Amino acid sequence: MNYHIQVFAGLAEQMGGPIITVPTDQETMSVAALKDLLSECFPEAAAQLQGSFVARNQAYASPEDLVSIHDEIAIIPPVSGG
C-alpha cells in the first residue's frame, strides 16, 4: 500500500518533488502518525514537517484525524510574507 501525498513550497524541494509516494502496511493512520512516518523517511525535512498543516480531501485535518490511502492528502508548510 502507498500513500500519495502532494507537497508544497520548500518541502517539495526537500522531499524530492511536488508529489511523493510513501509505502506502508497501514491503510489508515492518524495525521500525527503520518507526520512521524514522513519525518522518518525524510529526516532533512522533519522539523518543517512537524510544523506543517495536513489537508485531507481538501480540508485541514487535526493531528488525531485519520487519513487513508484512498484520501487526497496534502502537506502545507507554514508560510510567511508581506
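A nonpolar core is a set of buried Ala, Val, Leu, Ile, Met, Phe, Trp, Tyr and Cys residues joined through side-chain atoms within 4.5 Å. With that in mind, and remembering that this is a predicted model, begin with the largest such core, which has 22 residues, and select Ile5, Met15, Ile20 and Leu38, the members with the most contacts inside it. Next colour strand S1 (2–7), helix H1 (9–15), strand S2 (19–23), H2 and strand S7 (73–76), the elements that each give two or more residues to this core; the largest share, four residues, comes from H2.

Now centre the view on isoleucine 20, which, when residues up to four places away in sequence are not counted, touches Tyr3, His4, Ile5, Val7, Met15, Leu38 and Phe42.

From there move to lysine 35, in helix H2 (residues 31–41). Lysine 35 is buried yet has no salt bridge, and the nearest side chain of opposite charge, that of aspartate 36, is 8.4 Å away. What lies 3.3 Å from a polar atom of the lysine 35 side chain? Select glutamine 50, whose backbone oxygen is at that distance.

Finally, select strand S4 (residues 53–56), which runs antiparallel to S7 and is joined to S7 by four bridges, with alanine 55 standing opposite alanine 74. S4 also pairs with strand S5 (residues 59–61) in the antiparallel sense, over three bridges, and here valine 54 has alanine 61 as its bridge partner. End at asparagine 57, in the hairpin of S4 and S5, where this residue takes a positive phi near 50 degrees.

Methods. Residues numbered from 1 in each chain as written. Predicted model: local features only at pLDDT ≥ 70, side-chain atom pairs only at ≥ 80, totals over all residues. Heavy atoms only, no water. Buried < 20%, exposed > 50% of the residue type's maximum accessible area, 1.4 Å probe, protein only. Lys, Arg positive; Asp, Glu negative; His and termini not counted. Salt bridge = Lys/Arg side-chain N within 4 Å of Asp/Glu carboxyl O. Polar contact = N/O pair within 3.5 Å; in protein donor to acceptor, adjacent residues only side chain to side chain. Contact = heavy atoms within 4.5 Å. Pairing = 2+ DSSP bridges.
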